[in-house]
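Biologist: Can you put the model up? I'd like to go through the salt bridges and then the pockets.

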Amino acid sequence: MNREFDCGLELFGRFVFAMAFLLVCLPYSAHTCARARPSTALLQKPDEKKGPAGTTIPAGEAFTLHSNILGEDRRVYVALPSSYSRGVQAYPVLYLTDAQWNFGHTRTTAEFLARNVIIPEMIVVGVTDPDRTHDLYATRADFKQGSRTIPFPTSGNADQFLEFIEKELVGWTEANYRTIPLRILAGHSAGGNFALHAMRTKPELFQAIIATSPWLAWDDRKELNAVVLFLASAKVPLRTLFFSYADEGAEMKADIDTLSGALRSRNIPTLRWKSAAYPTETHDSTGIKSYYDALRMIFDGWDYPRDPQTNMLRGSLNDLKAHYHKLGEQLGVDLLPPEQIVNELGYRYLRANTVDEAIPTFRLNTENYPRSANVWDSLGEALEKAGKLDEALANYQRAVVRAEANGDPNLENFRKNVIRLNELLKSKVK
């Protein structure tokens, strides 16, 4: 990767030393003030990449947003769930720093976990950081090692960068996409330091924080000391915190242990947290495992309990509602039971010929997701099986109306149900 360094290293000897230091002493070469040129090869067209044979694969969209707060343009990458264009539901948002390096693997990790119903589908929004010490550290500092000093003259702008995220990036995302008020912030290395800074200074902005190998030694550990004081304060609204480290030496481990100790001593009942160690990974390689484990931890319990023998959902509709209510409390949001899970439970009742239980199950989905065509069609099916044909027809018709409005790919199937039931009702009149 070609990188231009603009950190004020004017003399060649200082430049050579700085490069050696960044590769050996700092745990992540991206700690530099490098003006990286993020590749947008995967993002030239919305939601697709043209391969050699012209095949399309999911990728995302790249945008250039002008920030009045930063006084510059900033590159932003967005990946939408595969179901986004087919439905009307809203999604959590995972905000990501260092998108020029971390967007690709984070997007596919979230997609994989959601496809296996381990986490909900989510929108991933990544912002690039061409000058990382400028964006991601809150204090102006140089790095000292013995008698040597590496200057970082542009460092210390994290509060302004966080203001950009809060007032411009989040606002832009929520104005342009269907979102629920569940925001996650993830960062690696300097980005991990920034994520903890955001947790401390904007405690209501994110419900979950992921700090992978946070570089807390910056500026004599000022951020670490401030976070420890924050965790001892009266109110910590954050609901979930995940942080990790790899095979990175005693200094990193000591900083992580300090953070873990502060959390243990406070024991905040509403805050779930986990510290993960990856001794077989390096600082550079730990990101994929960390984000994978972090998302699983944040959404632990997302998939409703199933019978291991049959893979069928356990319990009743009330059990299901109680499960997701509790999960919502853990996440700090009002969480509706997922449409697909409720629908699956409804069809379990329908296959068991317990129509009286299927109808209120499907009806719950129409109350929670009234813009979805499928929920009305499913309710219509249960009502038809119960012999309530007029009411079933009305629901099939609602499904068609919503499918037409949403561009639903199942529109023709919904229309067939209307036609079929109309003919059945006519035959009964004769």
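Biologist: Which residues are linked with Glu72 in a network of salt bridges?
Modeller: Arg74, Asp129 and Asp135 are linked with Glu72 in that network. Keep in mind that this is a predicted model.

Biologist: How many salt bridges does a search of the whole structure find?
Modeller: The search finds 21. One of them joins the side chains of Arg200 and Glu223, at 2.8 Å from N to O.

Biologist: Which helices does that pair tie together?
Modeller: Arg200 is in α5 (residues 190-201) and Glu223 is in α6 (residues 218-231), so the bridge ties together parts 23 residues apart in sequence.

Biologist: And Glu223, buried or exposed?
Modeller: Glu223 counts as buried, because its relative accessibility is 7% and the limit for buried is under 20%. Arg200, at 24%, counts as partly exposed.

Biologist: What does Asp219 form a salt bridge with?
Modeller: With Lys222, where the closest N and O atoms are 3.4 Å apart. Both residues lie in helix α6, three residues apart, which is about one turn of the helix. Asp219 is buried at 14% relative accessible area, while Lys222 is partly exposed at 46%.

Biologist: What about Arg363, which side chain does it meet?
Modeller: Arg363 meets Glu391 in a salt bridge, 3.4 Å from N to O. This pair links distant parts of the chain, with Arg363 in helix α11 (residues 355-368) and Glu391 in helix α13 (residues 389-406), 28 residues apart. Arg363 is partly exposed at 30%, and Glu391 is partly exposed at 33%.

Biologist: How do the lining residues divide?
Modeller: In the largest pocket, 29 are nonpolar, seven polar and 11 charged.

Biologist: And the second largest pocket, what is its volume?
Modeller: About 340 Å³. Its lining has 16 residues, with Arg86, Gly87, Glu339, Ser372 and Asn374 nearest the centre. α10 and α12 (373-385) are the elements that give two or more residues to this lining.

Definitions and conventions. Residues are numbered from 1 along each chain as its sequence is written. This is a predicted model: local features need pLDDT of at least 70, side-chain atom pairs count only at pLDDT 80 or more; totals for chains, interfaces and linings use all residues. Side-chain values use heavy atoms; hydrogens and water are left out. Ala, Val, Leu, Ile, Met, Phe, Trp, Tyr, Cys and Pro count as nonpolar, Asp, Glu, Lys and Arg as charged, and the others, Gly among them, as polar. On a 1 Å grid over the protein atoms alone, a cavity is a set of points where a 1.4 Å probe fits but cannot get out, and a pocket is an open set with protein on both sides within 12 Å along at least five of seven lines; lining residues have an atom within 4 Å of a point. Grid points are joined across faces, edges and corners, and a volume is the space filled by probe spheres set on the points. Helices (H or I, at least four residues) and strands (E, at least two) are DSSP runs, numbered from the N terminus. A salt bridge is a side-chain nitrogen of Lys or Arg within 4 Å of a carboxyl oxygen of Asp or Glu. Buried means under 20% relative accessible area, exposed over 50%, partly exposed in between (1.4 Å probe, protein chains only).
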